Every structure is written in structure tokens, then in C-alpha cells.
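Please look through the sequence and the model that follow, and then read the report below, which goes from the overall build to single pairs of side chains.

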Amino acid sequence: MTTPHRVKVLFVMPALSGGGAERVVVRILRRLDRRRFRPVLMLFEKTGPLLPEVPADVPVLDCGRNGSGTAGRWLWTAALRIRAERPEVVFSFLWFTNLATIAAHRLSGSSARLILSERLTIDGAREGILKTGIRKAGIRLLYRKADAIVANSAALREQLAAMCGLPANRVVAIPNPLDVDDILARSRETADPRPRPAGGPLVVAMGRLVRQKGFDTLIRAMALLRTPAQLVIIGEGPQAGELREMAKRSGIGDRVDLAGFQTNPYPLLRTAAVFVLSSRYEGFPNALLEAMALGVPAVATRCSTGPEEIVNHDVNGLLVPVDDPEAIAAGIDRLLADRAFGNRLGQAAQQQARTFDISRIMPRIESLIEGGLCAE
């Protein structure tokens with residue numbers, strides 16, 4: 001009997017830190033149909049807390065970016081990995097990884113189809129003049145070399161098509177897949193036993209502690225609440241010390257807990273009275289979707305891409321302006337004061353989250369890998 005052909009797909013990431021893109025890749029690796037595909041994961045640096053979550057049947061290749069000795073040597077290693085693996089499809093995530101993968105793909109001489117996945121808004125991002133400039137120039141000049149480009153929101157798809165000057169059939173919008181059943185199951189595991197700030201209902205936020213996430217605005221909002229509440233921010237990053245000092249100066253240091261990175265944040269997230277996405281800009285925020293999957297009513301900023309494609313204001317969540325602590329505080333107060341309203345929003349949020357379940361999204365990803373674009 002002839003063995004059915006399976007498409008070999010090389011997924012490329014910088015590492016497996018705890019960010020949203022990394023969680024998306026792990027979900028895809030878990031659910032990709034093994035009867036049709038053979039996945040391999042290539043990391044520029046084989047590190048990160050999500051490494052243990054990679055399925056056992058997926059080979060993980062290391063390009064040795066840290067400790068490679070010579071600047072750029074890891075890029076040549078990536079090219080050699082592509083040449084040796086001989087994939088039929090190379091699927092890269094995140095803008096820097098995409099640019100490096102384009103170079104490695106060319107150096108390798110591979111004929112594999114190249115798919116790039118962009119995860120963060122272009123128009124609204126503020127990541128420093130140099131970094132933003134390099135990113136925009138790279139996207140404009142190099143992304144057109146790809147066979148397909150995936151955006152995780154419709155708004156980002158429009159930005160990419162305009163910036164790259166590409167026809168619509170080269171750019172597709174596929175939202176981040178959410179494994180709702182897995183999130184619900186893991187939310188029933190034992191929560192982090194560390195003590196939490198005492199007193200009042202729990203407000204939870206989640207994300208890397210960087211300016212993009214707007215946690216400084218959230219702390220200012222917490223100081224304005226009419227109903228005293230405790231805030232837990234799940235995540236780590238360079239702003240940790242600054243945020244702690246801000247909370248102390250605002251007089252709420254005893255009600256703010258920076259809980260650090262958690263491989264399984266869902267038991268804690270499930271206990272929240274309110275979830276807040278305070279971001280200044282996004283792509284398609286996983287944290288918001290995960291909170292909604294657990295039925296937690298959410299307050300989210302109307303940042304340039306993502307939330308407005310997820311939240312219907314006053315129906316399954318609340319939308320507020322970016323960088324507006326008064327509006328965030330008003331949204332939190334409204335949900336804390338009217339628990340029946342919050343429960344209705346939470347129930348509607350769970351239904352909305354199901355529309356992004358991986359069972360619905362994976363067929364589109366698999367069609368893309370096989371050569372379709374399933375554009376929306």
C-alpha cells in the first residue's frame with residue numbers, strides 16, 4: 001500500500017518565550033493534521049518556557065543565535081537547516097523572524113513555498129524610530145518575496161497590502177486560533193499558591209511588561225476606582241520596577257501584584273471579576289480572547305488592530321479609548337457595580353470566543369499551507 005504524501009512544514013520562530021505568537025505556534029503544532037502534514041520547528045535560539053509544550057513528535061532545530069560566536073553565523077546555520085530539511089513549506093512568524101527567514105530561505109537555495117505571518121499593527125506601533133523604521137522598510141521591500149502573507153486581523157491585512165503594494169490574493173487575514181476546551185480544562189488546575197493583595201474584587205491583566213501594553217495607564221486607572229479592587233498583572237518584562245514604583249506613588253502599592261510569567265495563567269484568570277486589556281497597540285490580543293473564553297467580562301482599549309474585531313461594545317465587552325485612565329476606571333467600576341450586567345457580558349464573551357476556536361481556524365491554516373489563500 002502506498003503511504004499518503006504528507007507536506008513537510010518548517011515553522012520558524014526566534015524562541016519559545018511566553019508571548020501570544022509563541023502560544024499560537026504551539027497550538028498549531030498540536031493540532032496540525034498529521035495525516036497530511038509533517039511539522040518541524042526551527043528556533044533561532046532554542047530557549048523559552050513554552051518548549052515543554054511542543055508535541056513530542058515535532059523535531060525542534062536550534063540555530064544557536066546566542067553563543068554562535070560570529071555575528072550572523074546563526075543566519076547561515078538557519079539556511080543550512082532549511083537546505084538539510086528540504087521542507088515543502090517554510091512558515092515564519094513575527095517581523096524580525098520573517099526578514100531573517102527570507103534571507104535564510106534565499107541563502108539555502110530552497111524552492112519551498114514561503115509563508116510569512118505578521119502579528120502586530122504597523123500603523124499604530126511605536127517601538128522606537130530606528131526599530132520601527134527598519135521594520136517598515138523590511139516589510140515594504142522584502143515581504144513581496146513571500147508566496148503568501150498572513151495577518152491576524154482584517155485591519156492589519158489592509159495595512160500590509162497597502163504597504164507592500166500586493167494584490168489581495170497574496171495577503172490573507174486569519175485570526176489567532178484559540179483552544180477553548182484546553183483553556184477551560186487548564187483553568188481547573190491548581191492556581192498559583194502565592195498570596196494576593198488583600199481586599200476587594202480581582203482585576204486581572206496579562207502581557208509583557210512593556211510600554212505597548214499600557215500597564216502604566218491601567219495602574220493610574222486603578223487609583224481612580226470608586227470601588228477599591230486588587231490588580232494582578234500576569235507577565236514579566238523590563239517595566240516591572242517602574243510599574244511597582246508607580247503603584248506605590250499612586251497609593252495603591254498594597255493592591256497591585258506583578259505576578260510574573262505563568263505557564264498556566266488560567267486558574268488565576270478564571271477568578272477575575274474583570275479583565276483589562278490596556279494596550280496602546282496590538283495585533284490580535286490572545287490575552288483578551290483567553291479571558292473571554294473563561295467568561296470574564298472585559299474592558300479593552302480601541303487600539304489600532306484587534307479589539308474592535310473581537311469585542312462588540314456593551315454586548316460582549318466594553319471598549320474604551322487608548323491612554324485614557326478615566327475611561328478604563330469607569331469601565332471597571334461599571335462592571336464591579338453591576339454584576340448582573342458583567343455576567344451577561346461574560347456569557348456573551350464565551351460565545352464570541354468560540355468563533356475563534358482552533359477547530360474553526362485550523363482548516364483555514366491547513367488550506368493556506370496546501371496552497372490555498374481562503375482570503376477574508
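## Overall build

The protein has 13 helices and 13 strands, where helices (H or I, at least four residues) and strands (E, at least two) are DSSP runs, numbered from the N terminus. This is a predicted model, in which local features need pLDDT of at least 70 and side-chain atom pairs count only at pLDDT 80 or more, while totals for chains, interfaces and linings use all residues. Residues are numbered from 1 along each chain as its sequence is written, and side-chain values use heavy atoms, with hydrogens and water left out.

The C-alpha trace spans about 65 × 45 × 40 Å along the principal axes of the protein. For 376 residues a compact globule would have a radius of gyration near 21 Å, and the protein agrees with this because its own value is 21 Å; the radius is taken over C-alpha atoms, and the globule rule is 2.2 Å times the number of residues to the power 0.38.

## Burial and contacts

Of the 376 residues, 57% count as buried, a term that means under 20% relative accessible area, with exposed meaning over 50% and partly exposed in between (1.4 Å probe, protein chains only). The protein exposes about 15,500 Å², of which carbon and sulfur atoms supply 51%; accessible areas come from the Shrake-Rupley method with a 1.4 Å probe, and for residues only the protein chains shown count as cover.

Contact means heavy atoms within 4.5 Å. Among contacts between residues at least 6 apart in sequence, 72% join residues at least 24 apart.

Seven strands form an open sheet in the order β3-β2-β1-β4-β5-β6-β7, with parallel pairing; two strands pair if DSSP finds at least two bridges between them. The edge strands, each pairing on one side only, are β3 (60-62) and β7 (171-173). Neighbouring strands of this sheet are turned by 25 degrees against each other on average, direction ignored; axes are lines fitted to C-alpha atoms, for helices over the stretch in contact, and angles run from 0 to 180 degrees between N-to-C directions.

Strands β1 (residues 7-13) and β2 (residues 37-43) run parallel and are joined by seven bridges, and Val7 has Phe37 in β2 as its bridge partner. Helix α1 (residues 20-31) packs on the sheet, where it touches β1, β2 and β4 (89-93), and its direction makes about 165 degrees with that of β1. Helix α3 (residues 95-108) lies across β1, β4 and β5 (113-118), running at about 165 degrees to β5.

## Salt bridges

Side chains of opposite charge can pair when their charged atoms come close. A salt bridge is a side-chain nitrogen of Lys or Arg within 4 Å of a carboxyl oxygen of Asp or Glu, and by this rule the count comes to 22. One of them joins Arg30 and Glu53 at 3.3 Å, N to O, linking distant parts of the chain, since Arg30 is in helix α1 and Glu53 is in the loop between β2 and β3, 23 residues apart. Arg30 counts as partly exposed because its relative accessibility is 34%, whereas Glu53, at 14%, counts as buried.

Asp57 and Arg34 meet in a salt bridge at 2.7 Å, N to O, again between distant parts of the chain: Asp57 is in the loop between β2 and β3, and Arg34 is in the loop between α1 and β2, 23 residues apart. Asp57 has 47% relative accessibility and so counts as partly exposed. Salt bridges that share partners join Asp33, Arg35, Arg36, Glu366 and Glu370 into one network.
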